[in-house]
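Have a look at the picture first, then read on.

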Amino acid sequence: MKAVLFARQLGASISAETCPHYLVFTKDTPLGNYGKVNPPLRDGDDVESLWQETTGCGIDTIGSDHATYQHRHKAGSLWNAMPGFGGVGAILPLLITHGVKKDRLSWERLAKLTSENTARLFGIYPVKGALAVGSDADFVIVNPDHEWILSTDTLHSASDFSIYEGHQVMGRAAMTFVRGVKVAESGAPAHKAPHGRYVYPR
C-alpha cells in the first residue's frame with residue numbers, strides 16, 4: 001500500500017485492490033492449509049492499515065480472488081497445498097458486517113468499491129457501475145439487517161469448503177437484477193436462461 005501511495009505521489013496512474021479475507025483474517029487465524037493464499041495473510045496492524053485505505057481513497061476496488069478449490073487441493077503439507085479459496089459470495093455481507101455496521105464504510109463508498117470504480121477501471125462506465133438513463137439496470141436490493149451464517153452451503157460455490165464457515169454476518173442480497181431482469185432472490189437463482197453478455201470497453 002505504501003508503494004502504491006508513493007507511486008501516486010510521483011504522478012503514476014495506478015489502482016489498488018484488496019479482498020475481504022485481507023480485511024477479516026490475519027496470519028494467526030487458525031485456518032491451516034485452507035488459509036494459504038498469495039499474497040499471504042498478514043498481521044493485525046496490516047489489516048487495520050488496509051481498512052484505513054479502504055475507508056479512505058487508497059483502495060479503489062474490492063475483489064474476491066475466487067478460486068474453486070476442493071479439500072483435496074489443500075491436503076498434505078503447506079508447500080503442496082494450492083494457494084487460494086472461494087469467496088465471491090461473501091464480499092457483500094463481509095463488507096456490510098465489518099465495514100458499514102462498524103462505521104468504516106458508507107453505503108456510497110461500498111458501492112464505489114464494488115461497482116462504480118471497477119466499471120471505470122475496465123472502461124465500461126456508465127454502462128455498468130451506475131444507475132442512470134442509458135445505463136444497464138444492474139442493481140442489488142439489500143436487506144442490511146438480515147443475520148445469517150456463511151457456510152459452504154449458503155455461499156453456492158463449486159468449492160467443497162469455505163474459510164468463512166460459521167462466520168456470522170449481517171446484510172444479504174435480497175434480489176439481484178441484471179439489465180432489469182431478476183436473476184437471483186434470497187441467494188438462489190431466479191432466472192433459468194443464461195442472461196450474461198459481453199460488455200465492450202468504451
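Leaving aside its neighbours within four places in sequence, which residues is Ser162 in contact with?

## Around Ser162

Keep in mind that this is a predicted model. Setting aside anything within four places in sequence, Ser162 is in contact with Ser151, Thr152 and Leu155. You'll find Ser162 in the loop between strand E3 (139-150) and strand E4 (167-178).

Is Ser162 buried or exposed? Its relative accessible area is 13%, and the cut-off for buried is under 20%, so Ser162 counts as buried. Its side chain also reaches the backbone nitrogen of Tyr164, at 3.0 Å.

## Rings that pair up

Searching the whole structure turns up four aromatic pairs. One of them is formed by Phe25 and Tyr164, and this pair is stacked: the rings are 5.4 Å apart centre to centre, with 20° between the planes. The pair links distant parts of the chain, since Phe25 and Tyr164 are 139 residues apart. Phe25 sits in the loop between helix H2 (20-24) and H3, while Tyr164 sits in the loop between E3 and E4.

How about their surroundings? Phe25 has 8% relative accessibility, so it counts as buried. Tyr164 is at 1%, so it is buried as well.

## Charges over rings

The charged end of Arg120 sits over the ring of Tyr125, 3.8 Å from the ring's centre. Then there's Arg172, which lies over the face of Trp148 at 4.0 Å from the ring centre.

## Down the chain at His195

Where does His195 lie? Look in the segment after strand E6 (188-189). With a relative accessible area of 19%, His195 is buried, because buried means under 20%.

Which backbone atom does the His195 side chain reach at 3.0 Å? That would be the backbone oxygen of Val178.

## A stop at Glu48

Last up is Glu48, which is found in helix H3 (residues 44-55). Why does Glu48 count as partly exposed? Its relative accessibility is 36%, and partly exposed covers the range between the 20% cut-off for buried and the 50% cut-off for exposed.

Conventions: Residues are numbered from 1 along each chain as its sequence is written. This is a predicted model: local features need pLDDT of at least 70, side-chain atom pairs count only at pLDDT 80 or more; totals for chains, interfaces and linings use all residues. Side-chain values use heavy atoms; hydrogens and water are left out. Helices (H or I, at least four residues) and strands (E, at least two) are DSSP runs, numbered from the N terminus. Buried means under 20% relative accessible area, exposed over 50%, partly exposed in between (1.4 Å probe, protein chains only). A polar contact is a pair of N or O atoms within 3.5 Å; within protein, one must be able to donate a hydrogen and the other to accept it, and residues adjacent in sequence count only if both atoms are side-chain atoms. Contact means heavy atoms within 4.5 Å. Rings of Phe, Tyr and Trp (its six-membered ring) pair if their centres lie within 6.5 Å; planes under 30 degrees apart count as stacked, over 60 as edge-to-face and the rest as tilted. A charge sits over a ring if NZ of Lys or CZ of Arg is within 6 Å of the ring centre and within 35 degrees of the ring normal.
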